[in-house]
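Have the structure open while you read.

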Amino acid sequence: MSTLEIRDLHVSVETKEGPKAILRGVDLTVNSGETHAIMGPNGSGKSTLAYSLAGHPKYTVTSGAVLLDGEDVLAMSIDERARAGMFLAMQYPVEVPGVSVSNFLRTAKTAISGEAPPLRTWVKDVRGAMENLRMDSSFAERSVNEGFSGGEKKRHEILQMELLKPRIAILDETDSGLDVDALRIVSEGVNRVREGSDVGVLLITHYTRILRYITPDFVHVFVDGKIAEQGGPELATRLENEGYDRFLPTGAQA
């Protein structure tokens with residue numbers, strides 16, 4: 001069992017005008033086996049939360065704490081956070097020319113586990129996970145994300161999640177840019193990982209359509225860098241019907 005605790009987290013980002021506060025006191029706890037959906041309008045701080053947890057240098061934590069099973073996450077380097085069991089599926093996965101998917105995956109697994117996985121079982125695991133995600137075997141020899149479509153990039157993110165088996169998975173707008181078929185395949189992949197492990201999932205999304213495939217235990221509404229409301233799956237249904245207008249200041253409604 002693992003627990004990610006976010007306590008009164010404040011985060012700023014440097015701009016031309018100076019530091020700008022983005023997160024303004026976030027409190028959230030994610031336990032093993034739980035799925036938390038983070039929703040909210042554009043610019044509310046959802047992705048800032050994801051990248052701050054992963055250790056992106058662009059974001060500065062000005063106060064607060066993040067603990068993983070009692071360990072100070074903010075004191076860890078990016079690779080130490082990954083080895084501790086944290087995983088980030090990025091909204092815009094980067095291309096890594098010259099590094100094949102197969103080499104990337106095995107290197108990542110070795111770095112996280114501390115030893116290289118047995119080649120025979122590893123190849124079998126990779127092939128099985130790729131088949132589940134409807135990925136042609138030729139993808140294994142292509143450079144990471146180079147020339148991949150949006151759907152292929154997102155499936156590759158979930159392939160990593162399946163093989164690396166994190167304790168806490170942060171999925172930043174995994175549904176962004178996906179057509180209906182790709183969304184279903186990616187969602188099935190997330191559900192397989194949830195059912196086959198005790199991973200805690202922090203699912204960041206702007207829309208409710210992915211929640212038709214991945215049922216959250218908790219829904220949190222982000223507005224102006226903090227949680228404005230939280231509830232169960234029924235809150236997502238209400239957001240789909242009503243939007244975010246009731247959370248926005250008068251005159252700021254879309």
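## The largest pocket

This is a predicted model, so keep that in mind as you go. Five elements, α1 (46–54), α2 (78–84), β6 (86–89), α3 (101–113) and α5, each put at least two residues into the lining of the largest pocket. The largest share of that lining comes from α2, which gives five residues.

How big is the largest pocket? Its volume comes out at about 810 Å³. There are 32 residues lining the largest pocket, and the closest to its centre are Ile78, Ala82, Leu88, Phe104 and Gln160. Sorted by class, the lining has 21 nonpolar residues, six polar and five charged.

## α3 against α5

Now for the helices. A packed pair is described by two things, the angle between the axes and the distance between them. For α3 and α5, the angle is about 35° and the axes are 10 Å apart. The crossing of α3 past α5 is right-handed.

On the α3 side, the contact uses Val101, Phe104, Leu105, Ala108, Lys109 and Ile112, while α5 brings His156, Leu159, Gln160, Leu163 and Leu164. By class, that makes eight nonpolar residues, two polar and one charged.

## α4 against α5

Helix α4 (residues 119–132) packs on helix α5 (residues 150–164) at about 140°, again with axes 10 Å apart. That angle makes α4 oblique to α5. As for handedness, α4 goes past α5 in a right-handed crossing.

Who does the touching? From α4 you get Trp122, Asp125, Val126, Ala129, Met130 and Asn132, and from α5 Leu159, Glu162 and Leu163. The class count for this contact is six nonpolar, one polar and two charged. Leu159 and Leu163 of α5 turn up in the α3 contact too.

## α5 against α6

What about the other partner, helix α6 (residues 180–196)? α5 and α6 pack at an angle of about 5°, with 10 Å between their axes. The two helices are therefore roughly parallel to each other.

In α5, the residues involved are Gly151, Lys154, Arg155, Ile158, Met161 and Glu162; they meet Ala182, Ile185, Val186, Gly189, Val190, Arg192 and Val193 in α6. Seven of the residues in this contact are nonpolar, two are polar and four are charged.

Conventions
Residues are numbered from 1 along each chain as its sequence is written. This is a predicted model: local features need pLDDT of at least 70, side-chain atom pairs count only at pLDDT 80 or more; totals for chains, interfaces and linings use all residues. Side-chain values use heavy atoms; hydrogens and water are left out. Axes are lines fitted to C-alpha atoms, for helices over the stretch in contact, and angles run from 0 to 180 degrees between N-to-C directions. Helices (H or I, at least four residues) and strands (E, at least two) are DSSP runs, numbered from the N terminus. Angles under 35 degrees count as roughly parallel, over 145 as roughly antiparallel, 65 to 115 as roughly perpendicular and the rest as oblique. A crossing is left-handed if the near helix is turned anticlockwise from the far one by less than a right angle, and right-handed if clockwise. Contact means heavy atoms within 4.5 Å. Ala, Val, Leu, Ile, Met, Phe, Trp, Tyr, Cys and Pro count as nonpolar, Asp, Glu, Lys and Arg as charged, and the others, Gly among them, as polar. On a 1 Å grid over the protein atoms alone, a cavity is a set of points where a 1.4 Å probe fits but cannot get out, and a pocket is an open set with protein on both sides within 12 Å along at least five of seven lines; lining residues have an atom within 4 Å of a point. Grid points are joined across faces, edges and corners, and a volume is the space filled by probe spheres set on the points.
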